[in-house]
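Subject: A structure for you to look at

Hello,

Here is the structure I promised to pass on. Please open it and keep it beside you while you read.

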Amino acid sequence: MNTRDFRNCLGSFATGVTVVTCKTKNGIHGFTANSFTSVSLDPPLILVSVDRKIKACGYMKDNSFAVNILHSHQEAVALHFAGRPQEKLDLQWEEGEFAPYLANCLATIECVPWRTYDGGDHVLYLGEVKNYRYKEGNALGFYTGQFFTVLGSNPQ
């Protein structure tokens with residue numbers, strides 16, 4: 001199977017864009033992820049799929065984390081945490097009860113570790129939701145390698 005072509009096929013599925021953040025012994029670390037999904041309401045669980053090759057994969061092991069769902073105007077934030085530093089980006093952090101998170105996101109979900117599963121070249125981290133916050137607005141989406149705006153029910 002041609003993995004690049006398969007990746008292009010998967011890109012036909014539009015997703016939201018998140019930045020996952022956690023504390024490490026060297027400070028706060030974050031990475032952009034669109035492999036995020038809800039799993040369960042009782043108990044409240046979410047899943048993040050993390051490439052085994054990135055540093056964050058190790059940082060996530062047995063660690064609390066926050067999923068920051070990005071606003072439509074936060075494309076620079078997504079790029080920054082995807083390894084394309086944005087020099088003039090002013091990141092504002094909040095200290096959550098369980099994990100640090102980015103201020104001014106559309107939504108934030110704080111989690112403690114629940115389970116970890118082998119996902120081939122990725123690791124699947126399930127987190128038990130402990131705190132969340134959200135507001136109305138438009139979300140940042142990703143489709144066929146491009147960002148786009150997902151209009152909320154009350155566009156701002």
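Below is what was found in it, going from the whole chain to single residues.

First, some ground rules: this is a predicted model, in which local features need pLDDT of at least 70, side-chain atom pairs count only at pLDDT 80 or more, and totals for chains, interfaces and linings use all residues. Residues are numbered from 1 along each chain as its sequence is written, and side-chain values use heavy atoms, leaving out hydrogens and water.

The protein chain has three helices and twelve strands; these are DSSP runs (helices H or I, at least four residues; strands E, at least two), numbered from the N terminus. For 156 residues, a compact globule would have a radius of gyration near 15 Å, and the chain agrees, with 15 Å. That radius is taken over C-alpha atoms, and the globule rule is 2.2 Å times the number of residues to the power 0.38. Of the 156 residues, 37% count as buried, where buried means under 20% relative accessible area, exposed over 50%, and partly exposed in between (1.4 Å probe, protein chains only).

Now to the inside. A nonpolar core is a set of buried Ala, Val, Leu, Ile, Met, Phe, Trp, Tyr and Cys residues joined through side-chain atoms within 4.5 Å. The largest one has 17 residues, and V20, F31, I46, V48, F65 and V67 have the most contacts inside it. Elements that each supply at least two of its residues include β2 (18-24), β3 (27-33), β5 (44-51) and α2 (55-60). A second, separate core has nine residues, among them L70, V77, F81 and L140. Back in the largest core, V20 touches F31, V48, F65 and V67, among others, not counting residues up to four places away in sequence; contact means heavy atoms within 4.5 Å.

Where is the cis peptide bond? It runs from D42 to P43, with omega near 0 degrees, and P43 sits in the loop between β4 (36-41) and β5. D62, although not a glycine, has a positive phi of about 55 degrees. Its place is the loop between α2 and β6, and D62 is exposed, at 63% relative accessible area. N104, also not a glycine, has a positive phi near 70 degrees. This residue lies in the loop between β8 (100-102) and β9 and is partly exposed, at 43%.

Enjoy exploring!

Best wishes
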